[in-house]
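The tour goes from selection to selection, with a short note at each stop.

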Amino acid sequence: MNFLNKWKYLMIVVMSVLLLTSCGFKDIDKRYFVVSIGVDLDKTNSKRYLVSLKFAVSNASKETPTEFQIISEKANSMSEAVRMIKTKVDKEIDFSHAKAIVLSEELVREKGNAGIYYWFARRRDIQKISWVAIGRPSALKVLKVKPKSERIPSNALFLSLGKDGSESPYVMSEFLFDMKYRLIERGIDPVLPIIDAKKGFFEINKVGLFNKSHMILTLPPEETKILNFLRRREEKSSNKITRGKTTIVIDTHKVNTKYKIVTPKGKAPFIKVNVSVEGNLEETTKRVPKEKLSDFERAAEKSISKEVKNILVKIQKANLDPIGFGLRYRSRHFNNDDWEQWKQIYPTIAFKVQTKVQIEDTGLIE
Amino acid sequence: MNRYFLYLVLLNMLINVIIFVPKILIEYRYDGAVMGVLIAIPIGIALNYLFSTTLTKFPQQGLPEIISLLKHHWFGVVHLVGIQLVWFTAGLITLISFIDILTRFINPEMPKLLLLTIFLAALFLIIQMPTDRVMYLLEIILFLNTPLIAFIIFKAFSNEYLSWDSMLEVGTHIWAWPSLKAIAAATYCFSGYTNLIIFNRVIKGKLKLWNFFIITVLGVFNLFTTFFIPIGFHGSDGAQELLYPWITTADSLRLVYSPIERVIFLFLMFYMSISLMSISIHWHVALELLKGTFRGKVNMKKNWIVLSFFGVFSVIGVIYLNALLLNKITVYWLIGRLGFELLVVCIFFFWARRRAA
Amino acid sequence: MPSNKVQIIKESLRNKILPSEDVVYKELHTKEKYIEILYIKTVSDGMVIKDNLIIPFFEIANPDQFLDYLQSLPTIKMFEKEDGALDELIRGDAILFYQDHIFLLDSKVDRNNSVLDTTVETTIQGPQSGFSESLPTNIGLIRQRYPQNTLEVESTTVGTISKTKVMIIHDRKVADIQTLHKIKQFLSSIDIEMFQTGEQLLDIIKKSNRALIPVMLVTERPDRVVVNIAAGKIILLVSGSPFAVVLPTVMKDFMSSMEDIYQTYWVAKFLLVLRYIGFMTSLVLPGLYVAVTSYNPELFRVQLALNIAGSRTSVPYPSFIEVLLMLFMMEMLTEASIRLPKAIGPTATTVGGLILGQAATEAGLVSNIMIIITSSVAISNFVVPINAFSFTLRIMKYFVLVLGTIFGLVGVVFGFLLLVAYMVKLDSFGQPFLTLIQSKPSKKL
């Protein structure tokens with residue numbers, strides 16, 4: 001009897017569990033994976049967005065590369081657009097592999113789009129480690145690019161934004177969580193890479209600098225490289241230095257940047273920036289004798305200092321802070337109104353840049 | 001067998017991520033959380049020391065056995081009834097909040113009650129085991145999970161996106177007047193020792209001083225990690241927007257070479273077992289204390305009545321408490337818990353001293 | 001004994017033992033004396049009777065001298081009780097009626113006493129022979145390998161019909177008395193008709209006779225038995241079975257192979273880790289596949305996810321059916337290869353495994369990834385060295401699979417935890433089955 005009762009209970013439990021289930025079970029081939037998301041402004045109405053989702057179409061054959069499909073929708077908000085796109089596809093839309101978010105340049109130049117940035121951060125299924133970038137001429141065009149080397153849709157984008165594939169000092173990749181961090185943290189501003197869509201490939205060598213709401217400034221490739229140095233994110237690069245008629249190229253393998261905000265009493269505050277570069281000689285237009293190497297080092301120091309200072313001033317003029325000087329100031333001062341103080345100090349603060357260049361090796365040729 | 005004592009303390013240190021401790025600390029980051037944490041450390045260690053040294057006077061005995069030495073039964077019964085409630089709610093809060101996390105991050109379309117069934121099944125199996133077996137299970141689970149959690153923490157510390165400046169910025173608010181809520185939340189990391197009330201049964205031998213030394217080091221590191229890592233990733237201003245700072249932080253980590261790229265899933269998988277163990281430990285204590293209150297033989301029927309009460313309360317909790325409400329309740333629960341803990345430790349300390357004299 | 005009483009006993013014994021063809025009742029006569037012999041020729045050794053009884057009977061003329069001779073034979077016992085004598089007769093003793101005495105001559109035939117090669121727990125190096133099917137030979141094997149005067153051998157019988165002889169062997173110096181007591185109690189409480197081999201105890205140990213996880217180790221290796229005796233374990237030898245039962249057994253014993261002793265330290269450690277990884281893989285992988293493909297595809301990296309999605313596009317049913325289908329195929333294959341003669345075994349495996357797997361993917365019935373998972377589950381299942389445990393593992397993975405199907409990733413983790421908790425809860429004669437740090441058995445006497 002007891003034994004029968006036990007089984008009865010067990011059956012009830014099993015039955016109730018089976019009744020409750022059938023929720024959330026959806027096979028991987030019934031899901032439509034979004035690999036990248038593009039957001040543009042609607043051309044006809046600037047209040048509306050054009051949201052494009054790039055789906056990976058998986059096929060069984062290993063010979064042909066995976067296809068993709070882009071579906072776009074105009075709507076007043078992200079969620080509306082996604083809801084409308086759902087009606088156009090046969091499978092469940094799965095955002096969990098959306099590893100690249102491309103925003104068009106027009107969109108980021110416009111104010112009042114914070115809702116979009118927060119939409120990404122708020123959704124649980126969008127990875128916080130997806131990359132955010134600015135697309136030129138439009139996000140949709142960037143999504144449409146199909147490089148030859150790519151077997152999985154958008155994989156080329158992932159590889160070039162991440163550090164797994166190509167490593168370049170001109171790419172300044174940005175994760176979604178870091179973008180959100182910079183959008184809200186007082187004293188440090190967002191920086192997003194700009195992707196230029198070309199025929200069959202991408203060109204990623206510029207960055208756009210944001211204030212707390214929209215993009216203000218874009219930096220050309222060389223300045224991007226310097227900014228990368230200052231943020232200590234990338235160390236391999238090549239620098240062209242001209243001295244007299246000779247031009248040499250230094251291939252850096254170690255770049256170290258330190259900065260310190262000095263606020264002497266009674267005197268004007270300044271920011272001391274120390275850059276130290278170690279590298280090899282890679283290319284020269286003329287033969288460079290060994291004794292002259294130190295002269296080139298001096299020349300390189302001078303030119304790098306100048307470049308660094310120029311870009312720092314340029315950013316300062318635009319009242320932006322991608323490096324986080326403001327945060328550094330806040331973190332070193334114990335008073336509560338340090339942020340207000342810094343807002344007064346920053347527009348007028350002076351930069352003192354010191355560079356130390358060391359050419360360690362001249363390659364296989366003396 | 002002093003390692004068992006460390007396990008109990010370590011478990012609470014790990015579980016604080018689930019029970020809103022980082023959320024509360026980050027909420028008061030400019031208003032006294034830093035000082036609160038600093039104050040909580042000595043309080044936590046002192047309570048640890050007092051309670052465990054008191055209990056070593058009763059080797060291998062849990063509270064029910066100790067109470068049975070007393071002449072006044074009613075005193076014991078009153079004492080026990082209050083304590084069980086605290087332990088039960090401790091487990092309940094962890095349970096509800098972890099089920100919320102699971103539905104949010106892993107199974108968004110699954111009804112919470114379904115998730116609860118599997119939790120309850122596992123819990124009922126574990127809490128009815130003898131105390132030493134619960135301890136063995138805890139040991140195995142900690143052995144499997146702690147190295148990997150430590151690896152995740154290491155990855156977090158070595159991440160280039162971790163902003164030390166943001167962490168220092170919060171550190172500069174050290175002189176803000178300490179907030180009671182922050183102290184209560186921070187002391188939770190140390191309060192694993194209270195489980196000794198039952199688990200003293202399996203502790204053999206005296207606790208040595210190095211135990212407390214390790215607890216101090218671990219506690220300081222743990223509080224620093226819980227509090228500051230989310231700030232380092234999401235900013236001194238941004239971290240407070242997050243409902244579960246640590247889960248989002250885990251989602252901000254990326255393992256480039258691992259087949260599982262997103263750390264959040266590893267993190268949640270490890271925490272499934274850790275939180276299951278934490279709830280089991282708390283409920284096991286509650287169950288054993290209840291058995292002590294019944295006195296005499298505990299038959300299967302009484303046992304199942306108690307278990308079904310546990311079940312019913314957790315069903316009610318899961319249905320009526322959402323994360324935001326639970327967060328509010330937890331804040332006051334943590335304060336209440338701190339007061340209760342102080343009370344229990346003091347009563348116990350003086351009572352044991354008088355008895356020894 | 002008065003002669004009329006002997007007569008009565010003789011008659012009653014002859015009545016009780018029904019007239020079968022193999023019952024032999026003989027009377028031997030010489031001038032001076034005569035003797036009557038009763039035995040069953042199929043279980044008695046005719047040579048023993050001839051050598052010990054018949055030849056001396058005709059050689060020794062003097063009746064008293066022959067009586068002395070009989071009393072001095074080491075294999076002879078005096079008659080005590082009628083029931084006992086009947087028992088012994090059935091087991092192969094010969095009953096002698098000589099003058100006014102009744103003797104029992106131990107003439108049991110000892111068949112199957114050849115030592116067998118190990119077939120279940122094979123190792124590359126180390127001893128290669130196992131136990132035989134004869135109890136005295138087996139005890140001899142153990143004594144040979146364990147020459148200690150503290151080795152104790154006790155015997156008892158199990159089985160109401162089979163009356164199988166069971167030997168309890170332990171080293172008095174190291175074995176735990178409490179455990180021994182528990183084991184004896186357990187053996188005496190067994191209510192079973194036919195007891196053939198120690199493996200039957202695996203189920204009997206549970207009150208409901210339904211055990212999932214074995215809590216005693218059945219081994220065919222004398223070297224393993226001896227090592228376990230030295231570690232304080234208690235051994236049961238069952239008459240007629242070439243397997244010994246080692247008690248109490250914990251998880252660690254199931255995961256250890258005798259080879260661990262015969263390898264260098266790091267190799268042994270590596271093999272041990274390998275086994276645990278195999279255990280985990282086999283247990284969790286099918287459930288994990290269902291959970292990940294059907295609930296949380298975000299767990300993989302995007303490249304892998306698209307691969308799996310691609311290989312699943314032609315599969316017409318949900319993932320758990322796919323897994324079940326393939327796992328059943330695999331179980332069939334395993335079962336079939338046990339039953340098949342050794343000569344055809346490999347053919348069946350090849351046909352089943354390679355060709356079927358290949359064809360199933362080509363036909364789009366299962367995905368490529370699934371084939372990989374099924375085969376790795378099958379292979380890692382047999383990394384577990386003790387057969388009884390690896391069979392248990394075969395069942396346990398379905399439990400995880402079911403939970404994974406219903407609850408997704410949570411189900412897989414919880415399925416694993418539930419099994420671990422269950423194993424921690426189990427105990428084998430007072431020893432916890434699964435602990436991280438196995439405490440040594442107490443050596444108190």
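Into which domains is chain A divided? Chain A has domain 1 (29-219) and domain 2 (221-366), with bounds that come from an automatic or database domain assignment. This is a predicted model, in which local features need pLDDT of at least 70 and side-chain atom pairs count only at pLDDT 80 or more, while totals for chains, interfaces and linings use all residues. Residues are numbered from 1 along each chain as its sequence is written, and chains are lettered from A and ligands numbered from 1 in the order in which they are written.

**Stop 1: the two domains of chain A**

Colour the two domains of chain A separately. The C-alpha centres of domain 1 of chain A and domain 2 of chain A are 31 Å apart. Their contact involves 18 residues of domain 1 of chain A and 22 residues of domain 2 of chain A; two residues are in contact if their C-beta atoms, placed from the backbone, lie within 7 Å.

Select β8 (202-210) and β9 (215-219) of chain A. Each supplies at least two residues of the side of domain 1 of chain A that touches domain 2 of chain A, and β8(A) gives the most, with four residues. Helices (H or I, at least four residues) and strands (E, at least two) are DSSP runs, numbered from the N terminus. The residues on this side of domain 1 of chain A comprise ten nonpolar, three polar and five charged. Here Ala, Val, Leu, Ile, Met, Phe, Trp, Tyr, Cys and Pro count as nonpolar, Asp, Glu, Lys and Arg as charged, and the others, Gly among them, as polar.

**Stop 2: a hairpin in chain A**

Move to β10 (residues 237-243) and β11 (residues 246-262) of chain A. These strands run antiparallel and are joined by seven bridges; two strands pair if DSSP finds at least two bridges between them. A:Thr242 stands opposite A:Thr247 in β11(A). Two residues lie between the strands of this hairpin, and A:Gly244 takes a positive phi near 65°.

**Stop 3: where chain A touches chain B**

Show chains A and B together. Their contact takes 25 residues from chain A and 28 residues from chain B. On the chain A side, select α1 (2-20), α7 (176-184) and α10 (325-332), the elements that give two or more residues. The largest share, five residues, comes from α7(A). By class, this side of chain A has ten nonpolar, six polar and nine charged residues.

**Stop 4**

**Stop 5: the domains and sheet of chain C**

The domain assignment of chain C gives domain 1 (3-105), domain 2 (135-248) and domain 3 (263-428). The C-alpha centres of domain 2 of chain C and domain 3 of chain C lie 34 Å apart. Their contact takes ten residues from domain 2 of chain C and eight residues from domain 3 of chain C. The residues on the domain 2 side are ten nonpolar, no polar and no charged.

Which order do the strands of the open sheet in chain C follow? The five strands are ordered β6-β7-β9-β10-β8, with antiparallel pairing. The edge strands are β6 (151-158) and β8 (217-219) of chain C, each pairing on one side only. Four bridges join β9 (residues 234-238) to β10 (residues 244-247) of chain C, and C:Leu236 has C:Val245 as its bridge partner in β10(C).

Next, select the helices over the sheet. Helix α6 (residues 177-189) of chain C lies across β6, β7 (164-171), β9 and β10 of chain C, at about 175° to β7(C). Helix α8 (residues 222-230) of chain C lies across β7, β8, β9 and β10 of chain C, at about 50° to β7(C). Axes are lines fitted to C-alpha atoms, for helices over the stretch in contact, and angles run from 0 to 180 degrees between N-to-C directions.

**Stop 6: a helix pair in chain C**

Finish at α13 (residues 319-339) and α15 (residues 368-381) of chain C, whose axes come within 10 Å and cross at roughly 45°. That angle makes α13(C) oblique to α15(C): angles under 35 degrees count as roughly parallel, over 145 as roughly antiparallel, 65 to 115 as roughly perpendicular and the rest as oblique. Show the side chains of C:Glu322, C:Val323, C:Met326, C:Leu327 and C:Met330 in α13(C), which meet C:Met370, C:Thr374 and C:Ala378 in α15(C). By class, this contact has six nonpolar, one polar and one charged residues.
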